[in-house]
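Dear colleague,

Please find the structure below, together with the sequence. My notes on what was found in it follow directly after.

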Amino acid sequence: MASVSVSHMILFIASIVIAASVAGVFTDSISQVSQAIDDRGLSVSENVRTDIEVISDSGSDAVYDETTNNVTIHVKNTGSQRLVAEARFIDVLVDGRYETDVTVTLLDGAESWGPGEVVRLDISPNDGSGLGTGDHRVKVIVNEDEEVFRFRI
């Protein structure tokens with residue numbers, strides 16, 4: 001009779017230890033999933049609140065300067081969050097080629113690129129060798145928001 005009680009006690013303690021271990025693993029896993037969802041939610045929130053528009057006139061002679069071989073476009077922050085006005089946070093492609101020689105300038109004395117503010121992008125395509133005659137396309141990407149600007153030389 002006592003041996004049955006001892007074996008039941010051992011099984012009970014073993015089941016409690018196993019249940020506690022499983023609960024610990026699930027708690028840790030749920031915590032990691034919760035943190036991942038929070039991080040992803042913040043990233044999605046930033047992307048949703050980011051919106052830009054290229055406001056340059058594609059028919060203007062001011063877009064491409066043949067003496068400096070620079071493309072100059074104006075980009076307006078039409079979203080609801082403040083953006084970083086630095087070239088390393090703005091991806092620029094000219095005719096499908098990623099450009100690294102990009103200068104970002106805040107206009108109208110703005111101290112940051114807030115909603116409604118405009119920046120000027122001075123792009124030196126093809127490592128400064130310029131563009132040929134014809135149709136061209138500039139793609140600007142900020143926080144996964146993309147805008148395409150087409151112009152002709």
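N77 counts as buried, at 1% relative accessibility; buried means under 20% relative accessible area, exposed over 50%, and partly exposed in between, with a 1.4 Å probe and protein chains only. The place of N77 is in strand β3, where strands (E, at least two residues) are DSSP runs numbered from the N terminus. A polar atom of the N77 side chain lies 3.0 Å from the backbone nitrogen of G79. Leaving aside neighbours within four places in sequence, N77 is in contact (heavy atoms within 4.5 Å) with D51, R82, L83, W113, G114, P115, G116 and E117.

This is a predicted model, in which local features need pLDDT of at least 70 and side-chain atom pairs count only at pLDDT 80 or more, while totals for chains, interfaces and linings use all residues. Residues are numbered from 1 along each chain as its sequence is written, and side-chain values use heavy atoms, with hydrogens and water left out.

The open sheet

Four strands form an open sheet in the order β5-β4-β8-β9, with antiparallel pairing; two strands pair if DSSP finds at least two bridges between them. β5 (97-99) and β9 stand at the edges with a single partner strand each, so one side of each is left without a neighbour in the sheet. From one strand to the next, the twist averages 25 degrees, taken between axes that are lines fitted to C-alpha atoms, with angles running from 0 to 180 degrees between N-to-C directions.

At one end of this order, β4 and β5 run antiparallel and are joined by 3 bridges. L93 has Y98 in β5 as its bridge partner. Y98 also meets D91, a residue of strand β4: the two side chains make a polar contact of 3.2 Å, that is, a pair of N or O atoms within 3.5 Å, one able to donate a hydrogen and the other to accept it, where residues adjacent in sequence count only if both atoms are side-chain atoms. D91 is partly exposed, at 29% relative accessibility. Beyond four places in sequence, D91 is in contact with Y98, K139, V140 and I141.

At the other end, 8 bridges join the antiparallel strands β8 (residues 135-142) and β9. D135 stands opposite R152 in β9. The hairpin of β8 and β9 has 2 residues between the strands, and N143 takes a positive phi near 50 degrees there. In a regular strand the side chains alternate between the two faces of the sheet. Strand β9 (residues 145-152) has D145, E147, F149 and F151 on a covered face, and E146, V148, R150 and R152 on an uncovered one.

H136 lies in strand β8 and is buried, with a relative accessible area of 8%. Its side chain makes a polar contact of 2.7 Å with the side chain of D95. The contacts of H136 beyond four places in sequence are D95, L131, F149, R150, F151 and I153.

The nonpolar core

The largest nonpolar core has 23 residues, and those with the most contacts inside it are V71, I73, L121, I123 and V138. Such a core is a set of buried Ala, Val, Leu, Ile, Met, Phe, Trp, Tyr and Cys residues joined through side-chain atoms within 4.5 Å. Two or more residues each come from β1 (52-54), β3 (70-77), β4 (91-94), β6 (102-106), β7 (118-123), β8 and β9. Among the contacts of V71 beyond four places in sequence are L121, I123, V138 and F151.

Yours sincerely
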